[in-house]
Amino acid sequence: MANPFRFTRFLESAQITPASVIAFLFHLPNFIRLFSRLLNDPRVPYHLKFFCYFSIFYFFFPLDLIKDFLFFGMGYVDDVLLLFFAFRKLVRDSPPEVVREHVEAISQGRPAPDTRNDGMG
C-alpha cells in the first residue's frame, strides 16, 4: 500500500532540487486540498488559521517589506516565503491525528470528514 503521507514529506525537507520542485508541483493539488481542509476543521487551533489567513492577505496586499518591482521580481520572495512557512506551520502544529485523517481521506478520494458538532445525533 502506498504511503498516504508522501506528499507531506516535501514540507519536512529543506533541500530544493529540480526533482523536488517537480514532485512538489505534481502534489500541489493535494497540498491545496489539505490546507483547505485544515483551515475549515474546528479541531485545528485558531492561531494557526490566523497565521495562514494573514499570509494570504499579505500576499495580495499592495504594501510589502520588499518592493515587488525592485530586483527583477525578488520582491515576491518574501510573500511566497511567508505563505510557505505559514502553511508549513499549519501542517506541523495541527493535531497529528487530524492531519493524518485528512491526508488519508485525500489519498483515498474521500470527502472531508464532518467534524461539526451541531447537537444532532
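Where in the chain do phenylalanine 31 and phenylalanine 35 lie? Both sit in helix α2, residues 18-40. They are four residues apart, about one turn of the helix. Hold on to that pair; we will come back to it.

Ground rules before the details. This is a predicted model: local features need pLDDT of at least 70, side-chain atom pairs count only at pLDDT 80 or more, and totals for chains, interfaces and linings use all residues. Residues are numbered from 1 along each chain as its sequence is written, and side-chain values use heavy atoms, with hydrogens and water left out.

Now the overall layout. The chain has five helices and zero strands. Those are DSSP runs, numbered from the N terminus: helices are H or I with at least four residues, strands are E with at least two. Along the sequence the pattern reads α-α-α-α-α.

Next, burial. Buried means under 20% relative accessible area, exposed means over 50%, and partly exposed is in between, with a 1.4 Å probe and protein chains only. The chain exposes about 8,500 Å². Carbon and sulfur atoms supply 68% of that area. Accessible areas come from the Shrake-Rupley method with a 1.4 Å probe, and for residues only the protein chains shown count as cover.

Contacts, briefly. A contact means heavy atoms within 4.5 Å. Take the contacts in the chain with a separation of 6 or more: residues 24 or more positions apart account for 65% of them.

Back to the rings. The structure holds six aromatic pairs. Phenylalanine 31 and phenylalanine 35 have ring centres 6.0 Å apart and planes at 20°, so this pair is stacked. The criteria: rings of Phe, Tyr and Trp (its six-membered ring) pair if their centres lie within 6.5 Å; planes under 30 degrees apart are stacked, over 60 edge-to-face, and the rest tilted. Phenylalanine 31 is buried because its relative accessibility is 0%. Phenylalanine 35 is buried too, at 14%.

Phenylalanine 35 also pairs with phenylalanine 87. That pair is tilted: 4.7 Å centre to centre, 40° between the planes. It links distant parts of the chain. Phenylalanine 35 is in helix α2, phenylalanine 87 is in helix α4, residues 76-93, and they are 52 residues apart. Both of these residues are buried. Put together, ring pairs link Phe31, Phe35 and Phe87 into a cluster.

On to charges. How many salt bridges does the structure hold? Three. A salt bridge here is a side-chain nitrogen of Lys or Arg within 4 Å of a carboxyl oxygen of Asp or Glu.

Start with aspartate 41 and arginine 43. Their closest N and O atoms are 2.8 Å apart. Aspartate 41 is buried, at 1% relative accessibility. Arginine 43 is partly exposed, at 34%. Arginine 43 also meets glutamate 101 in a salt bridge, 3.0 Å from N to O. Glutamate 101 lies in helix α5, residues 96-108, and arginine 43 in the loop between α2 and α3 (46-60), so the pair ties together parts that are 58 residues apart in sequence. Glutamate 101 is partly exposed, at 27%.

Lysine 89 is partly exposed at 34%, and aspartate 93 is partly exposed at 39%.

Last stop, helix α5. It has 13 residues and reaches 18 Å from its first C-alpha to its last. That is close to the 18 Å expected at 1.5 Å a residue. The expected span is 1.5 Å times one less than the number of residues.

Which residues of α5 are buried? Val98, Val99, His102, Val103, Ala105 and Ile106. Seen down the axis, the buried residues of α5 fall within an arc of 165°, so they line one face of the helix. The arc is that of the directions from the helix axis to the C-beta atoms. What covers these buried residues includes α2 and α4. Just after α5, glycine 109 takes a positive phi of about 75°.
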